[in-house]
Amino acid sequence: METPKMPLLGRTLYEIQQIVQQLGMPRFAAKQIASWIYEKKVNSIDEMTNLSLRYREWLHDKYEIGASRPVEAQCSVDGTVKYLFRTIGGNFIETVYIPEEDRATLCVSSQVGCKMDCLFCMTGKQGHAADLTTNQIINQIYSVPERDKLTNVVFMGMGEPMDNLDNVLKALEILTSEYGYKWSPKRITVSSVGLKKGIERFLKESTCHLAISLHTPFPAQRRKLMPVEKIFSIVDLVETLRKYDFSHQRRLSFEYIVFRNLNDSLIYAKELVRLLHGLECRVNLIRFHTVPGVLLEGASMDAIVAFRDYLTKHGVFATIRTSRGEDIFAACGMLSTAEKQKLKKL
């Protein structure tokens, strides 16, 4: 049986240098290989024409580009496209392309499912099956048809990025390095439910934007919505975040899904102002999208607008996020491949 070839896509320059050294190729070949993959986006090693035929044959023996196209696409009435990718091991992940007038955002996944089990999230109800490799993370960006239109990437798809931080950080390096995509860190936002140690490491090793899933300023209520609160207090996390400078290039935001008769009154807005007072940040208000089996409802737009206006009036910059892709289950909290996993087992 033929030994499977290993992917080059998703390798950092250091890792490519190690490969080049092991194969006996000159050191400068590593930058050439990285350029062919991340800048020219080739489909095969044969296209790397500034490498000698012998060197390409050496690479061919053990390696391949390692890109895989989505196996399914669903288009929303609003132009949002949800892509389904099959990963090694037969698992599936979802990736969402969100076009707007002046930007094109790709929402990528970092895990198959999620361990965090937030009450309102379909991904959490799926459970956790696997962490994505750096190859599988970068492949989402490399292989969508709209890859050359992208202006922004958000790690807000399936999974908790801070729970797969080694691979996420490597992906961020590739996206922002001169040898890679050469993107500004300002084009990338990484979201977390609040894993404090992971967030501290992320803030030390990356300069990309950070978004924290908050959803209520009251810890007792947050424990019911988000089990992570039992281990990592949002109050403690906010105090930790005060130690960092978010007044320049890097942006800190808090995601706040607004539920009817649960966290939509101005009592919550007032407590949120108290919690975030003096912290350079913004709050993104998100309408709840109905999830099967969850007895929660989205707040009215009037309530969301009043909530935003209160925050803004009291010094907390707030925006209302436009809902996209709800009709194809591509909106916030709606990603899940649980049904695909069941079909795989049949």
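## Helix 1 meets helix 2

In helix 1, Leu13, Ile16, Gln17 and Val20 touch Ala29, Ala30, Lys31, Ile33 and Ala34 of helix 2. Here contact means heavy atoms within 4.5 Å, and helices are DSSP runs (H or I, at least four residues) numbered from the N terminus, while strands are runs of E with at least two. By class, this contact has seven nonpolar, one polar and one charged residues. Ala, Val, Leu, Ile, Met, Phe, Trp, Tyr, Cys and Pro count as nonpolar, Asp, Glu, Lys and Arg as charged, and the others, Gly among them, as polar.

How do the two helices lie? Helix 1 (residues 13–23) and helix 2 (residues 29–39) have axes 8 Å apart and pack at an angle of about 125°, which means that helix 1 is oblique to helix 2. Axes are lines fitted to C-alpha atoms, for helices over the stretch in contact, and angles run from 0 to 180 degrees between N-to-C directions. Angles under 35 degrees count as roughly parallel, over 145 as roughly antiparallel, 65 to 115 as roughly perpendicular and the rest as oblique.

## About the model

This is a predicted model, in which local features need pLDDT of at least 70, side-chain atom pairs count only at pLDDT 80 or more, and totals for chains, interfaces and linings use all residues. Residues are numbered from 1 along each chain as its sequence is written, and side-chain values use heavy atoms, leaving out hydrogens and water.

The axes of helix 5 (residues 134–143) and helix 6 (residues 165–176) come within 8 Å and cross at roughly 45°, so helix 5 is oblique to helix 6. Thr134, Ile137, Ile138 and Ile141 of helix 5 meet Asn167, Val168, Lys170, Ala171, Ile174 and Leu175 of helix 6. Seven of these contact residues are nonpolar, two polar and one charged.

For helix 7 (residues 196–205) and helix 9 (residues 234–241), the axes come within 11 Å and cross at roughly 15°. Helix 7 is therefore roughly parallel to helix 9. Lys196, Ile199, Glu200 and Leu203 of helix 7 make the contact with Asp236, Leu237, Thr240 and Leu241 of helix 9. This contact has four nonpolar, one polar and three charged residues.

Of its 19 lining residues, Met122, Ser336, Thr337, Ala338 and Glu339 are the closest to its centre. On a 1 Å grid over the protein atoms alone, a cavity is a set of points where a 1.4 Å probe fits but cannot get out, and a pocket is an open set with protein on both sides within 12 Å along at least five of seven lines; lining residues have an atom within 4 Å of a point.
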